Amino acid sequence: MDAGELFDPREVLPESLREIITITEVDRADFFITDLFTRKFGHPPPDFPRHLVALYRAPDKGMHLIGYSHMMPFGDVYLSGGSCSDGEAIARMHPHEREALRAAGGIWFWILKYAFRKYADCCDAFFGHCGDKRALEVALAAGFIQTAHEHIIVNWHKPLQDNFKRALTAKVVALGKF
Amino acid sequence: MSIDKFITVTEVDEGPAFADALFQRAYKKPAPDFPHHIVAFYRRADGAQVPVSYVHFTDCGDMFLAGGAATDGNILRSMSAEEQAALNEYGGLMLATLRHGFMLYGPRCEAIFTCCGDKRALETTPKLGFVETGIQYLLVNFLRESSARRRREMTAKAASFMPF
C-alpha cells in the first residue's frame with residue numbers, strides 16, 4: 001500500500017492548533033478508539049486500514065483522542081467513513097483551545113483536510129456518505145461536493161474526464177451505504 | 001498479563017510531535033522530521049495515551065536503518081508493578097518498537113541495519129536477529145539470501161550513514 005504523499009504533517013493544521021493537536025495515521029484503531037467508536041456506532045471500529053486519529057496534547061503530556069476517521073482504499077478511490085469526534089474530550093480542553101478549534105472549523109474538518117493531503121497520490125477521488133446536515137456542512141467546507149446521488153459526496157482532487165467521474169461514482173453508489 | 005492491555009505500537013506520521021521530549025532526553029537534539037517513526041503508546045489510568053518509547057527507521061531503498069531508540073524511564077517507573085512485570089517478561093519496549101518496524105519494513109528491503117553501542121540495547125538486538133558486521137557498532141539482519149559480495153556492498157553503504 002502506498003504510504004501516502006511525503007509531506008510535512010505540521011503544514012496541514014493552522015498555526016493556532018499545531019501546539020495542541022496532532023493528526024496522524026495509526027496502524028490499528030482499536031487501542032485508540034474502541035470505546036468512542038462503539039458508543040457512536042454500536043460496534044467496534046474497522047480492523048483494516050487506514051485509520052486517522054486526532055489527538056489533543058494536554059499540558060501533562062498525555063494525549064487524548066478527540067477525533068477519528070476511517071479512510072478505506074476501494075480500488076482507485078478512497079471511502080471516508082466511521083468519522084466521529086469525542087465531545088467529552090473536547091470539553092476537557094482549555095476554553096481558549098476549544099475556541100481555537102471551533103474557530104478553525106472543528107476537528108473533522110481538519111481530519112478531512114489531512115486525509116485529502118496525505119492520500120492525494122493514493123487515489124483518483126475521495127467519496128463519503130453523509131446524511132447528517134451539520135456534518136455535511138463541514139464536509140462541503142473541507143472540499144467535498146454533492147453528487148447527484150443522495151448522501152453521496154465526493155472530492156475530485158485531481159483532473160478527471162467526466163466519463164471517468166461517472167464510472168467512479170457509479171461504482172461507489174453500487175456499493176451502498178459505507 | 002499481556003502488554004497489549006496497556007501498550008500499543010504504531011507508525012505515526014510525525015516524529016517530533018510524539019517523540020521530541022523522549023529524543024531530546026536521550027540524544028540532546030530534536031527527533032528526526034522525516035519518515036519513518038515508530039512509537040509505543042502507554043495507556044495511562046486516566047485514559048490518556050502517552051508516548052513512552054520511540055525508534056526511527058530510515059528507508060534507504062534496498063535497506064532500512066533503525067536508530068534513535070529512546071524510552072522514557074519516568075513513565076516506565078510510573079507504571080503499576082503488574083505492568084512493569086509484564087514489560088520485563090516481554091523483553092522491553094525497544095524490542096516491541098523494533099519488532100513493529102521489522103514487521104512493517106522487513107518485507108520492503110533486503111536488510112535492516114542498526115548502530116548500537118549501548119550495553120543494555122545489545123541485550124535486545126540479538127532477539128531481532130541482528131548480528132555483528134565487523135564494523136564497530138554496526139549490526140545487521142540480512143532478511144534475504146544474498147551473496148557475500150552483495151552483503152559487503154550493503155554493509156559499506158550502511159556504514160556510510162553512521163552514526164544513525
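I count two residues as in contact if their C-beta atoms, placed from the backbone, lie within 7 Å. The model I examined is predicted.

**Entry 1. Where the two chains meet**

I looked up the contacts between the chains under that cut-off. I found 16 residues of chain A in contact with twelve residues of chain B. On the chain B side, strand 1 (7-12) and strand 3 (49-59) each supply at least two residues. I noted that strand 1 of chain B gives the most to this side, with four residues.

**Entry 2. Overall form of chain A**

I turned to chain A and listed seven helices and seven strands. Read from the N terminus, its elements follow the order α-β-α-β-β-β-α-α-α-β-α-β-β-α. I compared its radius of gyration, 16 Å, with the 16 Å that the globule rule gives for 178 residues; the two values are close, so chain A is as compact as a globular protein of that length. I recorded a span of about 50 × 35 × 30 Å for the C-alpha trace of chain A along its principal axes. Of the 178 residues in chain A, 36% are buried. I also took the contacts in chain A between residues at least 6 apart in sequence, and 61% of these join residues at least 24 apart.

**Entry 3. Helix 5 of chain A**

I checked the length of helix 5 of chain A. Its twelve residues should span 16 Å at 1.5 Å a residue, and the end C-alpha atoms are 16 Å apart, which agrees. Next I asked which residues of helix 5 of chain A are buried. They are Ile107(A), Trp108(A), Trp110(A), Ile111(A), Leu112(A), Tyr114(A), Ala115(A) and Lys118(A). I looked for what covers these buried residues and found, among others, strand 1 (21-26), strand 2 (51-57), strand 3 (63-74) and strand 4 (77-85) of chain A. Helix 4 (95-104) and helix 6 of chain A are also included in this cover.

**Entry 4. Helix 5 against helix 6 in chain A**

I examined how helix 5 (residues 107-118) of chain A meets helix 6 (residues 133-142) of chain A. Their axes come within 9 Å and cross at roughly 40°. I recorded the crossing of these two helices as right-handed. Helix 5 of chain A contributes Trp108(A), Phe109(A), Leu112(A) and Lys113(A) to the contact, while helix 6 of chain A contributes Val138(A), Ala139(A), Ala141(A) and Ala142(A).

How values were computed: Residues are numbered from 1 along each chain as its sequence is written. Chains are lettered from A and ligands numbered from 1 in the order in which they are written. This is a predicted model: local features need pLDDT of at least 70, side-chain atom pairs count only at pLDDT 80 or more; totals for chains, interfaces and linings use all residues. Axes are lines fitted to C-alpha atoms, for helices over the stretch in contact, and angles run from 0 to 180 degrees between N-to-C directions. A crossing is left-handed if the near helix is turned anticlockwise from the far one by less than a right angle, and right-handed if clockwise. The radius of gyration is taken over C-alpha atoms; the globule rule is 2.2 Å times the number of residues to the power 0.38. A residue is buried if 20 or more other C-beta atoms lie within 10 Å of its own, exposed if 12 or fewer, and partly exposed in between; C-beta atoms are placed from the backbone. The expected span of a helix is 1.5 Å times one less than its number of residues.
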